[in-house]
Amino acid sequence: MKNFVYIAAITISLLLTTSCVDLTQEPKSFLTEEDYIASMNLDGFQKAATALYKNLWYHNYGFNNHMQCISVCADDITYSPTKAGNPLANYGALSPSLSVNNADFNMLWPNFYTVINNANKLINNVTIPEDAMQEEKYKQVLGEVYFMRGLCYFYLVRIFGDIPLILKGEDASIQMPRTSVEEIYNQAIIPSLTTAAEWLPETSRSGFSSTPSKWAAKACLADVYMTMAGWPLKKGVEFYSKAAMVAKEIIQNSGLELTVNYSDLWKEALKEEANEHIFALHHSVKDKVASNYGKAYYPKDFYPNAGWAEYYSSESFYLNFPDDNRKTWNFMTEWEAGTSTNHRLVNYTESVDGLPAISKYFDYDEGAPGQSAQSNGITCIYRYADVLLMYAEASTRATGNVDALSLRSLNAVQNRANSPITTTSVNATEFEKAVFDERGWEFFAEMKRWFDLVRLEKVAEVRSTEWGASTFKANNHYYMPIPYAQIELTGWTNNAGY
């Protein structure tokens, strides 16, 4: 019995830490990974599914840190201009560098494929019981696994473009080709999310946003259809209609609501309430799945604990932000700066970097402000405000008209923020702009803005100064480079310009 437990422990360890390189390896034991997964009871299966969320978190807040780095390409956040050789400057110039920024790509690529590979092992090997009640319970957990696979492929195609398609272990080889973006959507993303939406329960396994519900899968599916409607596939009206249909179903049937106070969404004490967050990574310093919402977001001249100043708000984005409740919460524009013997209150314009700080996540700090590199909190993937604004945009772009539900959906987000209200007098074009602006303000620094700018081809519009000399313009795409190690291993041609 002791030998079996030991072997099982080794096997599950391999299951949860495997990468693309060791996908075909088997434990040196009479018990294969496939056998172990097939023999899992429900509790073991749930633990294996839960491990996928830690896979997505990835090595010392790898996901939210490196996704935020890429987000510097957008217009809502920026970088410290006084940090010598700041690698984020390449993103700021819309010219990511394969050499300078490779740490970001080389973290995200294996991050997502680790989740995908481990999800594949569960999908292809778990044994679903014949008993109807047990079958339903297993399918609900398997729905989480399909959701995670679909979500990770969705991130990959938006960041890197054509990527390898791996749905079972034998698909992986050094000679495997990159599969087109459209085929990844059709063979991996949409089928995975459709199954997830069918099998997941209406209330998540955890009871809050740390595990996905049916509505999380549908929110992701709506996002997928909206992205397919825009760049690069440009499928247009048909896919905006699909997105609107899915988002409308969530609005009408989920029972979800906006959290009354925007600020409550970002408070540590409230993150496990059943609020508008639909799916998020839940961080915990104690449980060794911390976020980077500590020193990384504090100014370098902050007193009493100087920050790392990894990210700031772009000044233009701050100045254009409506004077509402979100602006009050999201930005720190003055702070004590200096040393213990010489400090004073400064406005951001007088600070070392001259930029507004991002205070959205400050409530998650461990200890005194700016004291710790690692913090608690959540990294939001989807929340109900997403659904409302996706419906408002998708319905209007699909029909050319602003229907009553679209207007109510936009107004609900505006009302909660105590922001100016869009009225019935606007036409479809004006309404689409209002929704686009609202998405920028509502999801400030949530790692969504870049994807919105890309699918709507608005990068040149909002980053006009940098666009002319950018890698993206020169090569007619918005993709990041495939990590150097993958190119060297497989012999692929990298994305143009890298």
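Start at the second largest cavity: its lining has eight nonpolar, one polar and two charged residues. Here Ala, Val, Leu, Ile, Met, Phe, Trp, Tyr, Cys and Pro count as nonpolar, Asp, Glu, Lys and Arg as charged, and the others, Gly among them, as polar. The model is predicted: local features need pLDDT of at least 70, side-chain atom pairs count only at pLDDT 80 or more, and totals for chains, interfaces and linings use all residues. Residues are numbered from 1 along each chain as its sequence is written, and side-chain values use heavy atoms, leaving out hydrogens and water.

**Stop 1: the second largest cavity**

Select V157, R158, V181, Y185, T227, W231, P232, F451, V454, R455 and Y479, which line this cavity. Two or more of its lining residues come from each of α7, α8 (181–199) and α16. The largest share, three residues, is from α16. Helices (H or I, at least four residues) and strands (E, at least two) are DSSP runs, numbered from the N terminus. The space inside is about 100 Å³.

A cavity is a set of points on a 1 Å grid over the protein atoms alone, where a 1.4 Å probe fits but cannot get out; lining residues have an atom within 4 Å of a point. Grid points are joined across faces, edges and corners, and a volume is the space filled by probe spheres set on the points.

**Stop 2: the largest cavity**

How many cavities of 30 Å³ or more are there? The count is three. The largest has a volume of about 170 Å³. Select Y155, R158, M447, K448 and F451: of its 17 lining residues, these lie nearest the centre. Now colour β8 (377–383), one of the elements that supply at least two lining residues. β8 gives the largest share, four residues. The lining divides into eight nonpolar, two polar and seven charged residues.

**Stop 3: the nonpolar core**

Next, select F112, F147, L151, Y153, W450 and M480. They have the most contacts inside the largest nonpolar core, which has 158 residues. α7 gives the most to this core, with 16 residues. Such a core is a set of buried Ala, Val, Leu, Ile, Met, Phe, Trp, Tyr and Cys residues joined through side-chain atoms within 4.5 Å. Buried means under 20% relative accessible area, exposed over 50%, partly exposed in between (1.4 Å probe, protein chains only).

Zoom in on F147. Leaving aside neighbours within four places in sequence, F147 is in contact (heavy atoms within 4.5 Å) with residues including S192, L193, L200, P212 and F279.

**Stop 4: the largest pocket**

A pocket is an open set of grid points with protein on both sides within 12 Å along at least five of seven lines. The largest pocket holds about 550 Å³ of space. Of its 27 lining residues, select D75, S316, F317, R449 and V462, the closest to its centre. By class, the lining has eight nonpolar, nine polar and 10 charged residues.

Which helix gives the largest share of this lining? Select α15 (428–442), which gives seven residues.

**Stop 5: along α15**

Is α15 mostly covered or mostly open? Mostly covered: 12 of its 15 residues are buried. Among them are F431, V435 and W441. Show α11, α13 (384–399) and α14 (404–417), which are among the elements covering the buried residues.
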